[in-house]
Amino acid sequence: MENHIEDSTRFSFDALTKRLSAILRRHGCSQTVADILANNCVSAERDGAESHGLFRMAGYVSTLKSGWVDGKAVPQVEDAAPGLVRVDAQNGFTQPALMAGRPLLVEKATRNGIAAIAIRNSHHFAALSLDVEPFAQEGFVALSVINSMASVVPHGGRRAVFGTNPIAFAAPRANGLPLVFDQATSVMAHGDVKIAAREKKPLPAGVGVNSRGEPTTDAAEIIAGGALLPFGGHKGSALSLMVEILCAALVGGKFSHEVDWSSHPGAQTPHTGQTIIVIDPRAGAQAIAPLAMRVEELIAEMRDAGTDRLPGERRQAARAQSDRDGIAVSTAMQDSLRALEME
Ligand code: NDP
Ligand code: PYC
């Protein structure tokens, strides 16, 4: 399907996924990995997650070419404990590792009421919402965290130690699509800073500092040796600290400040870890109201209090439009994809 509007063209999900998969294959991914990553990237674009959709393709290709990541890695799943699955991604991407460990994780969460997956030796360069939402679609509550590369100054600190370290949460709703939030623990995601730098747009005050540690609203200065700040001062900083512990110390991976890709020029994907905790709200809950109904009650109260936008609603609206009309791809992005097809 193609449908031209202004300076973009709309493509079907499948057409775009096939195209991205072919690019990833061309640059060193196995067919399995290429299909999983392409699906993930197109899903983010479909959901209006500009900083983690097609925009990431150039980074994936550059990283594959640098030899920093193994695009053909086969993840090793370990049955670590009754409530814990560990996966060694073998220096591959995180999404195939999650896919490999998922059946055992769901089995354990169903049997125990709760289970976690701890993925190490992995690269995540994507939107975290896509990792948790499918669990809520199956009736589970899911919470995931992921660390990245040092780009955020801890509260009170003088240099970047934390990654932008997002937290994503998903819960089923009785009368709607799952409730999902997905947010970096920095004031702004690094991807959005890169987009602002490309478009030469000033950032709001309070996003980051330059290489001398002075406040700046220039995105280019943040990228060139500057750093981001955690959202909410010491509170966001504490959440980012927790993400580091859950994604490095717990899983056996690197802290964001330990990611050193200097020997692989062109590398962009953080080589870190991921943790997902999955809870089955149906476990032992015969005597209490179903969680999905209670979520609905809370949302009704929020609406009554005046809330007109829930987290995830913009994403859902973008998805609905993409499903209806196709996914809009700008002319500039089409040029960029064409270049990756020729490289
Ligand atoms: P945003 O600040 O844009 O949004 C964070 C959350 O708040 C979303 O769930 C969003 O819902 C919701 N939201 C935004 N505005 C409102 C509002 N006015 N009222 C109610 N809810 C609102 O996200 P970030 O910039 O922090 O993160 C962007 C993406 O970057 C995420 O997908 C994240 O996973 C990704 N990322 C990935 C990293 C990695 O290492 N892989 C590192 C850092 C970030 P909605 O989505 O509907 O707008
Ligand atoms: O946008 O902050 C970000 C990011 C880091 C790694 C992947 N995305």
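Q: What makes a residue pair across the interface of domain 1 and domain 2 a polar contact, and how many pairs does the rule find?
A: The rule asks for a pair of N or O atoms within 3.5 Å; within protein, one must be able to donate a hydrogen and the other to accept it, and residues adjacent in sequence count only if both atoms are side-chain atoms. Six residue pairs across the interface meet it, with both residues at pLDDT 80 or more. This is a predicted model, where local features need pLDDT of at least 70, side-chain atom pairs count only at 80 or more, and totals for chains, interfaces and linings use all residues. Residues are numbered from 1 along each chain as written, chains are lettered from A and ligands numbered from 1 in written order, and side-chain values use heavy atoms, without hydrogens and water.

Q: What are the two domains, and how far apart are their centres?
A: An automatic or database domain assignment sets the bounds: domain 1 is 1-66 + 312-343, and domain 2 is 75-183 + 247-307. Their centres, taken over C-alpha atoms, lie 23 Å apart. Contact means heavy atoms within 4.5 Å, and 22 residues from domain 1 and 22 residues from domain 2 take part in it.

Q: How much area do domain 1 and domain 2 bury between them?
A: Buried area is the accessible area (1.4 Å probe) that two parts lose on being put together, summed over both. For these domains that comes to about 1,800 Å², 59% of it on carbon and sulfur atoms. On the domain 1 side, Ile36, Asn40 and Ser66 lose the most, together 25% of what that side buries.

Q: Why is the pair Glu133 and Arg319 called a salt bridge?
A: A salt bridge needs a side-chain nitrogen of Lys or Arg within 4 Å of a carboxyl oxygen of Asp or Glu. The closest N and O atoms of Glu133 and Arg319 are 2.7 Å apart, so the pair qualifies. Both residues also belong to a salt-bridge network with Arg46, Asp47 and Arg315. Between domain 1 and domain 2 the count is three salt bridges, and by this rule the count comes to 22.

Q: How do you know whether Lys65 is buried or exposed?
A: Buried means under 20% relative accessible area, exposed over 50%, and partly exposed in between (1.4 Å probe, protein chains only). Lys65 has 51%, so Lys65 counts as exposed. Lys65 forms a salt bridge with Glu343 at 2.5 Å, and Glu343, at 43%, is partly exposed.

Q: What do Glu313 and Arg303 count as, by their relative accessible area?
A: Glu313 has 23% and Arg303 has 35%, so both count as partly exposed. Their side chains meet in a salt bridge (2.5 Å, N to O). Glu313 lies in helix 10 and Arg303 in helix 9 (residues 291-304), 10 residues apart.

Q: Which residues of helix 6 are buried, and what do they pack against?
A: In helix 6 (residues 190-198), His190, Gly191, Val193, Ile195 and Ala196 are buried. They pack against helix 7 (219-223) and strand 11 (227-228).

Conventions:
Helix = DSSP H or I, 4+ residues; strand = E, 2+ residues; numbered from the N terminus.
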